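Please open the structure in a viewer and keep the selection tool at hand.

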Amino acid sequence: MRKVLDEYRALSDEVLKPHENRVPRFLEAMKKSLDSRANWTFWLPYVLSLDTCMKCGTCAEVCPLYLGSGRREIYHPAVRADMLRRIYRRYFTLAGRLFPRLVGAEDLTEEKLDALAEGSYRCTVCRRCAYVCPVAIDNGLIIREARKILEAIDIAPDELREKGTRKQLEMGNATGTPTAAFLDIVDFLVEEIQDTKGYKIEIPVDKKGAEYLVMHNAGDYLAFAETVMGAAEIFHAAGVDWTLNSPATGINDVVNYGVFFSDVELEKVLRAQIKTCIDLKIKTLVVGECGHAFEAFKYIMMRLVPEEERPFEVKSILELIDQWIGEGRIKVDPRKNPEPVTYHDSCKLGRLGGLYEEPRRILQACCTDFREMHPNREMSYCCGGGSGFAIMTKGDFLKFRMETYGKIKARQMEETGASIVALACSNCKGQFREIINYYKLPVRFAGISELVANALVL
């Protein structure tokens, strides 16, 4: 444990706050996390994962952080999770209270609390380790629960809380874009489509009673506009009743950073997003190219919000595009995308969302040369942008992302020989943008919607 503490001390301090007597507060928050009524959403897999670990090392051999770091002990999934397990055993089990040394329990100190905070934000919670564990232990879930406890004592990255969930609730989106600026962006996108594609389309905004409300990651309007334009072209080509929405209607940002660190923040954002959908009287919420938003809406919402309080369907934009191509509602010509294309499985869309074949059918229909990365699907490596990491750059964090997770993904891209990597998640786009620049790869990234729009036959 001393070696782990020393190594974490040498890392950056992007999540740590000035010391105060935080140990009693942490233990009180952890006690609440172990209450089946207070933490009913994730309590059972959480306590089972705390109680059981065979230390077999299977998880480490699939962890992209551990492998990408050159097998540094501090990045071993079980070692990270054991920082919380030791606290659990010491303070919340009878054996740990009576015979702590015999069961590997240790007293919690401020120094160990700092190490836990640092370790909890070096893991992207990609859950690849949980997928291969022979006894179904979820070390990723333990890390997320540790983040929840830390947030309860005011330890959380500014990018996720102050600049994330709280700005989103205050401004309608995490980018802080006001309604007037949003409408200007939409007008610009309409003009850009006309200039580049030679035809003019309407992008409806704030239309009540529409069949589909398309809600994008707000950052896409500023950083990945091709994705937003591609989606607009697709919905126009499909001839369906659809709309975007502005901050004037409530939340117009599909992200929910609470997924990464706090059930309280997660539910606040989710409730505000649901209210927006209800106020607009839409029939289907279409989640844009954002992995964690799909998890929040498609799966976590089912556990947190009763069905009668969410009177609309939820679909990923990938599901709709795949359906419309299959039905012939939109027609595509793969010859319009002649370059070799590969696809990265986003952890949230794939391992946690089950969307494996939809993006592949789309790309095979829209591109002449589709190539797989290996491994893929359930065993795809996390790119390193998940869990909020794509927007965290303080201290050495960008270098850390690039030289662990990023190194593995750079190698995978090179092995395919593809010149385009197709992505369906905004956090992945942010990470791949940095990977391509950092390793000077002759590759560009593109959203699925962008590639489909390129291939449209109108």
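This is a predicted model: local features need pLDDT of at least 70, side-chain atom pairs count only at pLDDT 80 or more; totals for chains, interfaces and linings use all residues.

**Stop 1**

Begin with the open sheet, which consists of 4 strands in the order β2-β1-β3-β4, with parallel pairing. Select residues 242-243 for β2 and residues 313-316 for β4; these are the edge strands, and each of them pairs on one side only. In general, the strands of a sheet pair through backbone hydrogen bonds, either parallel or antiparallel.

Next, select residues 212-215, which form β1, together with residues 284-287, which form β3. These two strands run parallel and are joined by 4 bridges. Which residue of β3 stands opposite L213? It is L285.

**Stop 2: helices α15 and α16**

Select residues 263-279 for α15 and residues 291-304 for α16. The two helices pack at an angle of about 105°, and their axes are 11 Å apart. An angle from 65 to 115 degrees counts as roughly perpendicular, and α15 is therefore roughly perpendicular to α16.

To view the contact, show the side chains of L266, E267, L270, R271, Q273 and I274 in α15. These meet A296, F297, I300, M301 and L304 in α16. By class, this contact comprises 8 nonpolar, 1 polar and 2 charged residues.

**Stop 3: helices α2 and α5**

Move on to residues 23-33, helix α2, and residues 77-92, helix α5. Here the packing angle is about 85°, with the axes 11 Å apart. Because of this angle, α2 is roughly perpendicular to α5.

On the side of α2, the contact is made by F26, L27, M30 and K31; on the side of α5, it is made by L84, I87, Y88, Y91 and F92. How many nonpolar, polar and charged residues does the contact of α2 with α5 have? There are 8 nonpolar residues, no polar ones and 1 charged residue.

**Stop 4: the cavities**

Rolling a probe the size of a water molecule over the atoms shows where empty space is left. The structure holds 5 cavities of 30 Å³ or more.

The largest cavity has about 130 Å³ of space. To find it, select S346, C347, K348, G386 and S387, the closest to its centre of the 18 residues that line it. This lining has 9 nonpolar, 8 polar and 1 charged residues.

The second largest cavity has about 100 Å³ of space. Select C53, C56, C59, C133 and I137, which are the closest to its centre among 13 lining residues. By class, the lining of the second largest cavity has 9 nonpolar, 3 polar and 1 charged residues.

**Stop 5: two points of the backbone**

Select H374 and P375, and look at the peptide bond from the former to the latter: this bond is cis, with omega near -5°. P375 is found in the loop between β6 (370-372) and α19 (397-403).

Finally, select D154, in the loop between α9 (139-152) and α10 (161-171).

Note on methods
Residues are numbered from 1 along each chain as its sequence is written. Side-chain values use heavy atoms; hydrogens and water are left out. Two strands pair if DSSP finds at least two bridges between them. On a 1 Å grid over the protein atoms alone, a cavity is a set of points where a 1.4 Å probe fits but cannot get out, and a pocket is an open set with protein on both sides within 12 Å along at least five of seven lines; lining residues have an atom within 4 Å of a point. Grid points are joined across faces, edges and corners, and a volume is the space filled by probe spheres set on the points. Ala, Val, Leu, Ile, Met, Phe, Trp, Tyr, Cys and Pro count as nonpolar, Asp, Glu, Lys and Arg as charged, and the others, Gly among them, as polar. Axes are lines fitted to C-alpha atoms, for helices over the stretch in contact, and angles run from 0 to 180 degrees between N-to-C directions. Angles under 35 degrees count as roughly parallel, over 145 as roughly antiparallel, 65 to 115 as roughly perpendicular and the rest as oblique. Contact means heavy atoms within 4.5 Å.
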